Amino acid sequence: MTTAPGTAQGLAPEASGDVSPDSAPGDGPSAYEAAFEAAIAADERVEPRDWMPDAYRSTLVRQIAQHAHSEIIGMQPEANWITRAPSLRRKAILMAKVQDEAGHGLYLYSAAETLGTGRDELLDKLHSGRQKYSSIFNYPTLTWADVGAIGWLVDGAAITNQVPLCRCSYGPYARAMVRICKEESFHQRQGYELLLALSRGTPAQHGMAQDAVDRWWWPSLMMFGPPDEASAHSAQSMAWKIKRHSNDELRQRFVDICVPQAKSLGLTLPDPALRWNEERGHHDFGPIDWEEFHEVLRGNGPCNAQRIDRRRRAHEEGAWVREAAAAYAAKHGARAAGRASDSDRDSARSSDGGSDSGHARTDGEAGA
């Protein structure tokens, strides 16, 4: 989508004093909105300097921020098991995964910043409870098998939800999702492989794997959000092509993927109503406890207080690192500016010297 430069805060180009005939047809906000809607209809990408409605911008900030916060908070449940991993190989895999999640959060905070919202503001809203993260990360990881269940189910649900976001109408978000989805695929595979090893192990290990699946299955289905008829944002997000499928469509796709995988794992999904519906061409599944979902969102989940307390504490304890990094950047920025200034003076002296020599030769020639 091509509109005028200087519109990152949703201003019309004339407000920035930089109007191009290629920006948008006609004059006035309605023309810009028409150009925006036409770009969405044509499946074009909206970029940070393009004009966009305030509601589109705020919807993106809310969704990207929640996604970024989820990646950062989501490090905690699995990091809990890094020091207790049963082998060096498992420890290395888990450390790599937790590190990936941190990187995903940084990609997403950067994407949100292109919308004019500072990272400090987003973190302050997270720490004060004014912005949310995925409810799934408010459940405890009780055994080593939970690491596998999170990889298979939670990351599997994330992939189902996020792959369509690679075609999101907002360019920076879509591009960030390409790399994130590739890494999430690794996370899902390692979780599946871990559960497979446990399922094929001793009876106790198999039981531990089954218990983890029993506890994580229903919260994983809740990850897709409330039913379509109860979702406040889904319809508009789909109209703007921020998301491509409804909550219920994605949830159904996830269930259909997991049923044959569970069979291959030798594990059962904890839903007696789960069965194939020939007429629909999909699996039917039982009712989700949406009251539990809303209770966790309200802050009453098993680990809500612990998760946010640890996040605040980590942020406070990391203040000296941010201050040192800022001081380092300022110091080296000043040095670079000083070197540039010295270079400019040297160039000016050289130029002046060459000019004087030229004048001397001219005078000599004139005297001769």
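This is a short chat about a predicted model.

Trainee: What should I know about the model's numbering and cut-offs?
Mentor: Residues count from 1 along each chain as its sequence is written, and side-chain values use heavy atoms, without hydrogens and water. The model is predicted, so local features need pLDDT of at least 70 and side-chain atom pairs pLDDT 80 or more, while totals for chains, interfaces and linings use all residues.

Trainee: Which residues have the most contacts inside the largest nonpolar core?
Mentor: Tyr56, Trp152, Tyr170, Tyr173 and Trp217, in a core of 78 residues. Such a core is a set of buried Ala, Val, Leu, Ile, Met, Phe, Trp, Tyr and Cys residues joined through side-chain atoms within 4.5 Å; buried means under 20% relative accessible area with a 1.4 Å probe, protein chains only.

Trainee: And which helix gives the most to this core?
Mentor: H8, residues 171-199, with 9 residues. Helices are DSSP runs (H or I, at least four residues), numbered from the N terminus.

Trainee: Switching to Ser70. Buried or exposed?
Mentor: Buried, with a relative accessible area of 8%. Ser70 is in helix H3, residues 54-73.

Trainee: What does Ser70 touch?
Mentor: Leaving out residues up to four places away in sequence, Tyr133, Ser134 and Phe137; touching means heavy atoms within 4.5 Å. A polar atom of the Ser70 side chain lies 2.7 Å from the backbone nitrogen of Ser134.

Trainee: Last one: what is the angle between H7 and H11?
Mentor: About 140°, with the axes 10 Å apart. Axes are lines fitted to C-alpha atoms over the stretch in contact, and angles run from 0 to 180 degrees between N-to-C directions.

Terms used. Buried < 20%, exposed > 50% of the residue type's maximum accessible area, 1.4 Å probe, protein only. Helix = DSSP H or I, 4+ residues; strand = E, 2+ residues; numbered from the N terminus. Polar contact = N/O pair within 3.5 Å; in protein donor to acceptor, adjacent residues only side chain to side chain.
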